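Please read them with the sequence and the coordinates open beside you.

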Amino acid sequence: MNGFLVSARHELLATRRSRTASILVIVFVALVLASAVIGWITTRTVTDVYEQIRAAGMTSAPNPFSGASPLYFARNSAIYVVLIGCLMAIVLGTEAGLRDRRMRTSDLVLTRPVSAVSRLLGQFAGLGIVVLVALAVSLAASWVVIAAITGGPLSADETLRIVGFGGISWVLLMAFVGAGILGGVHSRHETAALLAPILVWSAITFVLPQVGTAARPIALLNPVPSVAATGGGFDLASAITGPLAITEQYKRVGAYLLQDPSASGSAALAVMILLTVLIGMFAVVGVTSRRSLRRALDD
Amino acid sequence: MTDLLVIAGREIRERRRDPLLLVLIAFLALASIVSVVVAAAAFRTELDAYTAYVSQLLASGSSTPPAAPRLFPMQLLRGAVEYVEVLGALFAIVVGYGSVAAERRRGTLDLVLSRPIGRFSLGLGKLLGLSAVWGIVVISLAVVETIALATVGGASIGLYELRGIALATVVLWLYLVFWSAVAIGITALARRPSTGLIVAVAVWLVVVLILPQIGDTMDPDNQVPGGLFAALQIQRTDELSVMAHFAGFDGVRNAIEVSSIEKHTERLAFAFLGIKDQYNQQPLSAVWADMWPYALTLVAATALVTVGAALTTTRRTLQRRDS
């Protein structure tokens, strides 16, 4: 077995043994699952509110949720992927990058016939399987919950959309796994190793969308997207910061896939941006030198 | 008492030398300034759109233009407050964690604990030192934001505005102390310091982001752009009478929201700054009449976690070795 596969298998084993990583994966799966239930309860209540209003003769407008896709129940999943999924990915990546340095086993590992590239990309691939399993379990459970709520299995098109949503979620999370690995490999202190990618995530998730659209920093938490400001330099700012705000790009693709009526913008471009970021992250992790892997922590 | 002050003084000196803290504060200050600049630019864009609309209206012969958008300068601080709520809390956790983890890492903890210090002096001393540090940070941020309001926002800052900023600063200071105390307590209890940091960050994620998000999601008026009731053209009084039939659901939703200390902080800060329209340009007595329960909860929660941090930073927990 070559170094790449051994590293990938070792990473799977180490993640399975890590209690913190396991807790984060379980919390993530539980929240994605809970999002379908919360979405259903809310939609049902809003429909009841609408019926109350209509019965009192206060409106003749149609129910805003009539004809909504069953996938609409899962729309909050995208927010949980951006919040807890990205944090999970960063923690998994940082732990992978730090483990050998913390245990001082880097020298031992690198005495074996394994290159730094195959070691790191093997770890990356191992974590790719962990993230894939977490997403597969959570989205499969969502599928079952939505089917139970709507009283029948989802159609092939809807199932494919959920699979596509899982795929694009995997791309986003793997980009943050890469950021975590880089933090773990290059930082001099454990705290900075975790903090640096979290700072990058904070800037991408909260600051960049505000610069480009004048949205509030925590607009991300709102189920209804805020209206982007236009004119007065915001168009230019948005053109510059938009591609960098990868969590917003991910939410855009997620909204299209989950048939959210408020989806807007080019989903194809957003997919291209996310794939480019992942490939770039893969390349940056791949060019890490042996010397970086062997550097001891100052902690 | 003396040992408590000595530990607090040492904590302040340590943080002053810590480049990480400077990076975090610079990031927060920059984000706050960006937020004021963006909010001011958004208002100018709105004003330009209004002016163009009025010109078109007058050109078409109409003589009743709609009311112009009004700038309440304190409302430009909304984003800055939200940054402290989200990122400030995260940084308070990192700093609180660092104050315990660094001592363990360097082995100075054993040295400090070999001295005749009081049972709770270490935890309380560290928290006292960090409280002073956060005091300096929030005051500095308030000064930076006030300057940004006056220059970029073009606002005239009077006594009313300064009082609001001062009260919001106290609220945000308590909030940051709360999170540092949480981090100190969790890190002291964790067998491995990095586990303490990860657990504390997970708590932050749930309390600051997940709980308010669930509350927002469950809000019936937050389901369609512009609001459900506005979309259905329902008046406020009718809205209240309809929602009275869903008091149970609304009670659960509100309970989820207020179980997060972040919501208490936000409601207080937004009320004192007049960001919430209901409290804008209102006398302090009227704001306080509505806000005192939130203030009480914030103070009580901070006191509770402070006691928790003091109780968990015992010799036994701090000197426990990783197995």
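**Notes on the predicted model**

1. B:Q281 counts as exposed, because it has 9 C-beta neighbours inside 10 Å; here a residue is called buried if 20 or more other C-beta atoms lie within 10 Å of its own, exposed if 12 or fewer, and partly exposed in between, with C-beta atoms placed from the backbone. B:Q281 sits in the loop between α11 (261-273) and α12 (284-312) of chain B, and its phi is positive, about 65°, although the residue is not a glycine. Helices (H or I, at least four residues) and strands (E, at least two) are taken as DSSP runs and numbered from the N terminus.

2. This is a predicted model, in which local features need pLDDT of at least 70 and side-chain atom pairs count only at pLDDT 80 or more, while totals for chains, interfaces and linings use all residues. Residues are numbered from 1 along each chain as its sequence is written, and chains are lettered from A and ligands numbered from 1 in the order in which they are written.

3. On confidence, the model scores ipTM 0.78 and pTM 0.84. Chain A averages a pLDDT (the predictor's confidence in each residue, from 0 to 100) of 84, with 95% of the residues scoring at least 70, and chain B averages 86, with 97% of the residues at that threshold or above. Within chain A, confidence is lowest in helix α8 (residues 234-241), at a mean of 76, and highest in α6(A), at 94.

4. A:Q259 lies in the loop between α9 (246-257) and α10 (267-286) of chain A, and its phi is near 55°, a positive value in a residue other than glycine. A:Q259 counts as partly exposed, because it has 17 C-beta neighbours inside 10 Å.

5. Chain B holds 13 helices and 0 strands. Its C-alpha trace spans about 85 × 50 × 35 Å along the principal axes, and 48% of its 323 residues count as buried. Among contacts in chain B between residues at least 6 apart in sequence, 84% join residues at least 24 apart; two residues are in contact if their C-beta atoms, placed from the backbone, lie within 7 Å.

6. Which residues does B:V133 touch, not counting residues up to four places away in sequence? They are B:I12 and B:R15. B:V133 is found in helix α5 (residues 121-151) of chain B, and it is classed as buried because 25 other C-beta atoms lie within 10 Å. B:V133 and B:E262 are 129 residues apart in sequence and 20 Å apart in space, C-alpha to C-alpha.

7. The 37 residues of α2(A) should span 54 Å, and its end C-alpha atoms are 53 Å apart, which agrees; α2(A) is followed by A:G57, whose phi is positive, near 70°. Helix α5 (residues 116-150) of chain A, with 35 residues, reaches 50 Å from its first C-alpha to its last, close to the 51 Å expected, and it is followed by A:G151, whose phi is also positive, near 80°.

8. The axes of α3(A) and helix α6 (residues 156-186) of chain A come within 6 Å and cross at roughly 40°. Axes here are lines fitted to C-alpha atoms, for helices over the stretch in contact, and angles run from 0 to 180 degrees between N-to-C directions. The crossing is right-handed, that is, the near helix is turned clockwise from the far one by less than a right angle.

9. A:I84 lies in helix α3 of chain A and is buried, because 23 other C-beta atoms lie within 10 Å. Leaving aside its neighbours within four places in sequence, A:I84 is in contact with A:V27, A:F28, A:L31 and B:L205. The C-alpha atoms of A:I84 and A:V29, 55 residues apart along the chain, are separated by 9.7 Å.

10. The contact between the chains takes 46 residues from chain A and 52 residues from chain B. On the side of chain A that touches chain B, α2 (19-55), α3 (76-103) and α7 (190-213) each supply at least two residues, and the largest share, 11 residues, comes from α7(A).

Notes: Expected span 1.5 Å × (residues − 1).
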